[in-house]
Amino acid sequence: MRTSIRMLTVGAAAALLLGCVSGPAASKGADGPDRSRVLVFSKTAGFRHDSIPEGIAAVRELGATGGFAVDATEDAGAFTAHNLARYDAVVFLSTTGDVLDTTQQAAFERYIKRGGGYVGIHAAADTEYDWAFYGGLAGAYFQSHPAIQPATVTVEDRSHPATSELPRSWERTDEWYNYRSNPRDRAHVLASLDESSYTGGTMSGDHPIAWCQEYRGGRAFYTGGGHTKESYAEPAFRQHLLGGIRYAIGAAQADCRPENGYRPLFDGTAESLSAWKQAGPGSFSLSDDGTLTSHGGLGMLWYAGSEFGSYSLKLDWRVAGDDNSGVFVGFPESDDPWSAVDNGYEVQIDATDAPDRTTGAVYSFQSADLKKRDRALNPPGEWNTYEIRVEGEHLRVWLNGVKINDFTNTDPVRSLRDGHIGLQNHGADDQVSFRDVRIKELPTKGD
């Protein structure tokens, strides 16, 4: 909600060139002071995938269009503190077996702990079984695989840059790994395999195949795809890789904390909107890809199925430009959108308003931590994730996994202890999109 409108709205030292050609590594920033640089590492001490050259070429092409420089090596001597400092992320491209000695491992650990990025592709999970740090970074180790075959990939997170452009059900052919453990409790699962769609899955129906995490100070992304040469020519798989690399180098933000125990309030289907009601003018449209977009206003789409008292609410949102919307919490049932204004609180979505009325603010009550907010925020056109956690009269806001607001209600007229939630549609000039509204109810506790 803007101040000018007072109505509610919804709405190194190593061979760093392709192949085995020797040459000096270009230093980070050689192509410009702000250009990121990625090292592709593809040494194998076990099975060697014949798709590695295609993978290197694809990452180079993605870098050329995506704004980052790419070096490639199979020389583990590249893993020194001095050389690794040149890179924003290291891509382990179908590495296998024991590829680094203890000194090189120590250098890479320090690199990650100082904020470096890691991207693991396919057999990166078949690497360094006796190095616990690496196992945690990759997320899971390879166990087995059936024959190459088509399968259905269920995209669980549709805001992460690696998966935001993918369909909810992604049909593709690859060699599908089974893993020795399930990473779900340690990492944030982006996509999983539907084991009923192919033969040879051994993970009892919960089969993550791509995930991300913040690990020991660094960022990590892993995808189990990429066995076949053809993978690296697939537009969707290339976009998947690009998004994972962008996250690892810090060019895109995402909430990569583990996420378990949530249930959907809106899951992208028309059926899941049956418990929602529109209050006031305007509306939301539902696209084929499961995105809700606000139109007109001023009004609010609110969840009438139940009130909530102590909960974590997560949702994904995107603005096209300087658009306005917000998420209302803690208001009573009403078909009048002003009831939410007068009785609830709005977590704002707006790029350019006053500090207490811009993205992450508790509207007109408390600004977000703007420095943290600005670092966590993705620009217009890209998806963001809010977590709004309400416990008693305590309201906290996370943006893409970063806590940006911590607010306690002291207004005797309002209470966060019970109430509904709603999405604002602000007006004809404000079109904001939402995906995957989900909630986890929390134990009730005092302030």
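This is a predicted model: local features need pLDDT of at least 70, side-chain atom pairs count only at pLDDT 80 or more; totals for chains, interfaces and linings use all residues.
1. Is Thr 152 buried or exposed? Its relative accessible area is 12%, under the 20% cut-off, so Thr 152 counts as buried. Leaving out residues up to four places away in sequence, Thr 152 touches Ser 169, Trp 170 and Glu 171, as well as Ser 192, Leu 193, Asp 194 and Ser 197.

2. Next comes the second largest pocket, with about 210 Å³ of space. Its lining has 16 residues, and the closest to the centre are Tyr 87, Tyr 111, Arg 114, Gly 115 and Gly 116. Two or more lining residues are given by each of the helices α2 (81-84), α3 (102-113) and α5. Of these, α3 has the largest share of the lining, at three residues. By class, you will find eight nonpolar, four polar and four charged residues around this second pocket.

3. The largest cavity has a volume of about 50 Å³. Among the residues that line this cavity are Val 153, Trp 170, Arg 172, Trp 176, Phe 237 and His 240. Others in the lining include Ile 209, Ala 210, Thr 223, Gly 224 and Gly 225. Strands β7 (169-174) and β10 (207-215) and helix α5 each supply at least two of the lining residues. The classes divide into six nonpolar, four polar and one charged.

4. Now for the nonpolar packing. In soluble globular proteins, nonpolar side chains tend to be buried together. Here the largest nonpolar core has 75 residues, and the ones with the most contacts inside it are Phe 68, Phe 79, Val 90, Phe 92, Phe 108, Tyr 118 and Tyr 179. Helix α5 (residues 235-249) gives the most to this core, with seven residues. Another core lies apart from it and has 36 residues, including Tyr 303, Val 319, Val 327 and Leu 395.

5. What does Phe 68 contact beyond its neighbours within four places in sequence? Its partners are Arg 35, Ser 36, Val 38, Val 59, Leu 62 and Gly 63, together with Leu 242, Ile 245 and Ile 249.

6. Finally, the chain as a whole. It has seven helices and 24 strands. Of its 447 residues, 58% count as buried. The C-alpha trace spans about 70 × 50 × 40 Å along its principal axes. How does the radius of gyration agree with that of a compact globule? For 447 residues a compact globule would have a value near 22 Å, and the chain has 23 Å, so the two agree.

Technical notes:
Residues are numbered from 1 along each chain as its sequence is written. Side-chain values use heavy atoms; hydrogens and water are left out. A nonpolar core is a set of buried Ala, Val, Leu, Ile, Met, Phe, Trp, Tyr and Cys residues joined through side-chain atoms within 4.5 Å. Buried means under 20% relative accessible area, exposed over 50%, partly exposed in between (1.4 Å probe, protein chains only). Helices (H or I, at least four residues) and strands (E, at least two) are DSSP runs, numbered from the N terminus. Contact means heavy atoms within 4.5 Å. On a 1 Å grid over the protein atoms alone, a cavity is a set of points where a 1.4 Å probe fits but cannot get out, and a pocket is an open set with protein on both sides within 12 Å along at least five of seven lines; lining residues have an atom within 4 Å of a point. Grid points are joined across faces, edges and corners, and a volume is the space filled by probe spheres set on the points. Ala, Val, Leu, Ile, Met, Phe, Trp, Tyr, Cys and Pro count as nonpolar, Asp, Glu, Lys and Arg as charged, and the others, Gly among them, as polar. The radius of gyration is taken over C-alpha atoms; the globule rule is 2.2 Å times the number of residues to the power 0.38.
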